[in-house]
Amino acid sequence: MPVERNNDSPGDQVMVRENSAQKLASREALGFESAKQSLAARVRETLSSPVIRNRHATPPVVRIEAPVEKIDVLSWLDSQFDAVKTYWSDRENGTEMAGVGAADVVFGTGALDYHLLLERMRKMLSPDQERLRYYGGARFDTTPRVADEYLWGEFGSHRFVLPRLELWCEGDRSFLACNVVADRPAHEGPLIQRMLDDMVFPVAATSRELPAVVTRSDCPDRTDWSAMMDSALSLIRGGDLAKLVLARKSFFEFTDTFSAASLVQRLSPGAAGCFRFCFQTHNGAAFLGATPELLYQRYGREVHSEAVAGTYPRGEVPETDSVLEREFLNSEKDRLEHVYVQRAIEINLRRLCDGQVHQSPRTILKTSTIQHLNTRYHGTLRSGVNDADILSALHPTPAVGGWPTDRAIARIREIEPFDRGWYAGPVGCIGHQAAVFAVAIRSGLMLDNTLHLFAGAGIVDGSTAEDEWREIDSKLDPFTRLFSA
């Protein structure tokens, strides 16, 4: 961490303020109101500095933190009034971030260029602010379907948010934080103060009831699903593809609107072994989910990825679970699904990494209701390789597209009757030193009083329409069991 100095240069003055904020964050946790008042005072101090009015200030974002008592993160998020809400939780539940408002938004439509996207965010990030991160995601396929644009228009081809206010938790530590963008004090000062004044802290974990389901429909229905499966198997047996991943969308209409944060909160007990996320726009549309699938994680030049494929049910008791695990490990159909994902990730990581790419033995990745085959990889990135290179190389994996990848994506466009949008796309967070992206499977899009749920299944020779339909039902189960009839 940089040493504090008394210096008149803009960069040094901002750095001193950042160091002071981080020193404050290292103190003993404050009560909720005390933390809010401390944060508000430091925000006013920062905004009053002439440095923050410098559009060329370094760093361009100042992060101010105050340590705060532990609180249920999703209950806190659900209680806030701002329409823009962001939530991210790692797979081990060690780190959670809930954000309200947006200090900066990186949004685009049309063709997605990861290098331009990442360069835009990197300009706002600093190596001295480890917890300063953008959160968001991108489409599975950058070729949108005009007929479904009304569903995904709020999210575009990509949308990443730097939250204005955050509740950030890691282990036993919690912080309230405010991200202040240089050269915008006249706009940000009153807004930040109003948001802090409106901030509430629920005295206990709360979980609002979900409304009742009015209607449900599946796209495709069972008949059309069988026809899609016939098309996929014909391509596979004809040698055009080795594997094709087909998805299904289930549409739910409810008696009333409801909170995206409350849905994620209710989803969480059944989301063991999953990344949890929620990205809600200013119009209240929200993309949310709980996914077990890591695309990659980077810290410095070290990179980790996983090949996750194949699906099998879990047993209700340990003895049954062990029997099913042994069956799963001996399933030739699931092994074949997994091999294509292994092959693609290993090939692409070797192109990105300097030296050997290390591979773990095949293991089982278990969620609360199902299990997957999993192989872990890690390596050291070549000099000059960045997150845009990693995203471009790894996404989409054969776990969500198929093999060979380019031909599989083209066939998905032809066969599936809906636009995947962000479903199965990369979602995550990126800072200066680190990044983590998951694959947005087991996800849903909320619009007003409706919810579109998505899940898919890998099709190889030997797959059947009935088995794959049931598999998708099992993947949707963490959501559907929450809904009243």
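Tutor: Helices of at least four residues and strands of at least two are DSSP runs, numbered from the N terminus. The model discussed here is predicted.

Student: How many helices and strands does the protein have?

Tutor: With the runs counted in that way, the secondary structure can be totalled over the protein. The total comes to 13 helices and 22 strands.

Student: Which radius of gyration does the protein have, and why does it agree with a compact globule?

Tutor: The C-alpha atoms fill a box of roughly 70 × 55 × 50 Å along the principal axes. For 485 residues, a compact globule would have a radius of gyration near 23 Å. The protein agrees with this because its own value is 23 Å.

Student: What percentage of the residues count as buried?

Tutor: A residue is buried when its relative accessible area is under 20%. The protein exposes about 19,400 Å², of which carbon and sulfur atoms supply 49%. Of its 485 residues, the share that counts as buried is 58%.

Student: Which residues have the most contacts inside the largest nonpolar core?

Tutor: The largest nonpolar core has 139 residues. Its largest share, seven residues, comes from helix H7, residues 222-237. The residues with the most contacts inside this core are Trp76, Trp88 and Phe483.

Student: Which residues does Phe483 touch, not counting residues up to four places away in sequence?

Tutor: A contact requires heavy atoms within 4.5 Å. With residues up to four places away left out, Phe483 touches Leu210, Val213, Phe252, Phe254, Leu263, Leu451 and Leu453.

Student: Which residue does a cis peptide bond join to Trp403?

Tutor: Strand S18 covers residues 402-403, and the loop in question lies between S18 and helix H12, residues 405-415. The residue found in that loop is Pro404. The cis bond has an omega of about -5°, and the partner it joins to Trp403 is Pro404.

Student: Where is Pro396 placed?

Tutor: A cis peptide bond joins His395 and Pro396, with omega about -5°. The place of Pro396 is in the loop between helix H11 (387-394) and strand S18 (402-403).

Student: Is Arg442 buried or exposed?

Tutor: Arg442 is found in the loop between strand S20 (434-439) and strand S21 (443-447). Arg442 has a positive phi of about 50° although it is not a glycine. Its relative accessible area is 9%, and therefore Arg442 is buried.

Student: Is Asp448 buried or exposed?

Tutor: Asp448 is found in the loop between S21 and strand S22 (450-459). Asp448 has a positive phi of about 55° although it is not a glycine. With a relative accessible area of 58%, Asp448 is exposed.

Student: With which residues is Ser126 in contact, leaving aside its neighbours within four places in sequence?

Tutor: The place of Ser126 is in the loop between helix H4 (114-122) and strand S5 (134-138). Ser126 is buried, with a relative accessible area of 5%. Beyond its sequence neighbours within four places, Ser126 is in contact with Pro59, Leu132 and His432.

Student: How far apart in space are Asp467 and Ala457?

Tutor: Asp467 lies in helix H13, residues 465-480, and counts as partly exposed at 39% relative accessibility. Asp467 and Ala457 are 10 residues apart in sequence. Their separation in space, C-alpha to C-alpha, is 9.6 Å.

How values were computed:
Residues are numbered from 1 along each chain as its sequence is written. This is a predicted model: local features need pLDDT of at least 70, side-chain atom pairs count only at pLDDT 80 or more; totals for chains, interfaces and linings use all residues. Side-chain values use heavy atoms; hydrogens and water are left out. A nonpolar core is a set of buried Ala, Val, Leu, Ile, Met, Phe, Trp, Tyr and Cys residues joined through side-chain atoms within 4.5 Å. Buried means under 20% relative accessible area, exposed over 50%, partly exposed in between (1.4 Å probe, protein chains only). The radius of gyration is taken over C-alpha atoms; the globule rule is 2.2 Å times the number of residues to the power 0.38. Accessible areas come from the Shrake-Rupley method with a 1.4 Å probe; for residues, only the protein chains shown count as cover.
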